[in-house]
Amino acid sequence: MLINGEWLTDTPTFSVFNPATGEEIGHVADGTATDAMRAIDAASAALPAWVSETAYARSALLYRAHHLMLERQHELAELMTKEQGKPLKASMNEVKYAADFLLWFAEEAKRVYGETIPSARSDQRFLVQKQAVGVVAAVTPWNYPISMLTRKLGPALAAGCTVALKPAESTPLCAIAVFKILEEAGLPPGVANLVTASDPKPIGEVFCTHPAVRKLTFTGSTAVGKHLAQACAPQLKRVSMELGGHAPFIVYDDADPVHAAKGVSLVKFLNTGQACISPNRIFVQRRILDPFLETLQARVSGMQAGDGMDPANSIGPLINESAIEKVDRQVQDAINHGATLLAGGSRLTENGLDQGCFYGATLLTDVTPEMVIYREETFGPVAAVVPFDDEDDVIAMANDTDYGLAAYIYTQNLARALRTFEQLQFGIIGINDINPTSAAAPFGGMKESGLGREGAREGIEEYLETKLGGLSI
Ligand code: ADP
């Protein structure tokens, strides 16, 4: 834990495990509610000095951190693969993506513009300034254990906020590595504080109720996000929520089925399907279903699971045993309700995989709305195909979910692409594109997928208050 510029070592600890091998790879401080309070108190004490730094000074810290993160890309990626499980190449990409947020917000720090507004009174002037929200509490997930930190720390620090952050209990080592970089880049004591903990609840409770916290930013499941938003409501703390998703992937029959199937095979199995923008329902127009499934089946059957440190493996482990159980429950439920299994469908234990949490890359077709997988987020390596006939039907089916994060459309017809884009109730839509994310682009969901946006110009707004001055002259 890093509180007020000091790494705490004389505390109880908890162990961190490699999900591919089950090996213990480290142990970290096990923070308590008292530590969370100290972290917030430190952030509170550091706020006045940090907020009065120039934007240029805050920006310089982020530039240095960006530089250091890229310098350590390989080392950080290896740590991520050992702690979280994703293949090394994917970890390398994530570290780059994480560094992008530091760079982007180093730039945005200098563009926090206010405005003047003409008044109806000749003796009056209106002046609008943007000011830092204040102390921010942040809670981050394990699936993107470095980039989800920089996506919050970058804009918060750029805006002039100070932070107390709790990372996920499965991936505290990556969080420690990020904070070491910030420290090396010149982070003043107390400006960003890290509380690692095996039990998130007491920390969350303090984050949501401590009067000094002005904003909570959270990335994780919808259930926990709702709980935290409710806990923040009595003090009307501002909240940003990046929650779950149930992304539709629509393939119209004018699209190239082979190209679309390749796209699905790439995006669906990224991070072993443990991404909130992972396609959960793959809608394929019936006329091209056969060639689509043929390509996807060949690709999915050829995916090799194993330790992400071996470049031959494209599928890493799931994060823990309960993730395996959830995925298997969804797959068995779908099969019991009439889905057809075209690949995978079970846990992998052969060839030394029995020590880790591996599930075979799975392809199901004939998935219907009666099945659990049609509504519940999967977070695993399962591609669920739903055949459809008609454009209006597929848009209604795609929108028939409480989630509204990401969606994908494959078509060569421009009018159809635009019609579908406009009607889908999702915050991020890839059109013939499987990676509609970037530090420069707003990320966030509609409906129960969240509140607010991260990255882009909007990202820093989340950490700013608008202050109006009315002047009589
Ligand atoms: P997932 O299902 O993806 O693990 P969670 O929402 O459980 O997602 O976890 C995301 C983050 O939320 C993690 O940092 C986790 O420790 C934290 N978290 C889970 N439950 C709580 C809680 N009651 N209070 C605060 N943080 C929590």
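Predicted model: local features only at pLDDT ≥ 70, side-chain atom pairs only at ≥ 80, totals over all residues.
Residues are numbered from 1 along each chain as its sequence is written, and side-chain values use heavy atoms, with hydrogens and water left out.

The strands and helices named here are DSSP runs numbered from the N terminus (E over at least two residues for strands, H or I over at least four for helices). Two strands are said to pair if DSSP finds at least two bridges between them. β5 and strand β6 (residues 124–132) run antiparallel and are joined by three bridges; the two form a hairpin with six residues between them. On to the next partner: β6 also pairs with β22, in the antiparallel sense, over nine bridges. Leu-127 takes part here too, with Gly-469 as its bridge partner in β22.

Put together, these three strands form an open sheet in the order β5-β6-β22, with antiparallel pairing. β5 (115–117) and β22 (464–472) stand at the edges with a single partner strand each, so one side of each is left without a neighbour in the sheet. On average, neighbouring strands of this sheet are turned by 25° against each other, direction ignored; for such angles, axes are lines fitted to C-alpha atoms, for helices over the stretch in contact, and angles run from 0 to 180 degrees between N-to-C directions.

Now to the ligand. Of the 17 residues around the ligand, Thr-140, Trp-142, Lys-166, Glu-169 and Ser-221 come nearest, where a residue counts as near if one of its heavy atoms lies within 4 Å. Several polar contacts (pairs of N or O atoms within 3.5 Å; within protein, one must be able to donate a hydrogen and the other to accept it, and residues adjacent in sequence count only if both atoms are side-chain atoms) are worth a look. Thr-140 brings a backbone N or O atom to 2.6 Å from a ligand oxygen atom. From the side chains, an N or O atom of Lys-166 is 2.8 Å from an oxygen atom of the ligand, and one of Glu-169 is 2.5 Å from an oxygen atom of the ligand. The protein covers 80% of the 550 Å² of accessible area that the ligand has on its own (by the Shrake-Rupley method with a 1.4 Å probe; for residues, only the protein chains shown count as cover).

Helix α6 (residues 172–184) comes next. Its 13 residues reach 18 Å from first C-alpha to last, close to the 18 Å expected at 1.5 Å a residue, the expected span being 1.5 Å times one less than the number of residues. Because 10 of its 13 residues are buried, α6 is largely enclosed by the rest of the structure; buried means under 20% relative accessible area, exposed over 50%, and partly exposed in between (1.4 Å probe, protein chains only). Among the buried residues are Pro-172, Phe-179 and Leu-182. Just after α6, Gly-186 takes a positive phi of about 110°.

We finish at an open sheet of seven strands, ordered β14-β15-β16-β13-β12-β18-β19 with mixed pairing. Its edge strands, β14 and β19 (428–431), each pair on one side only.
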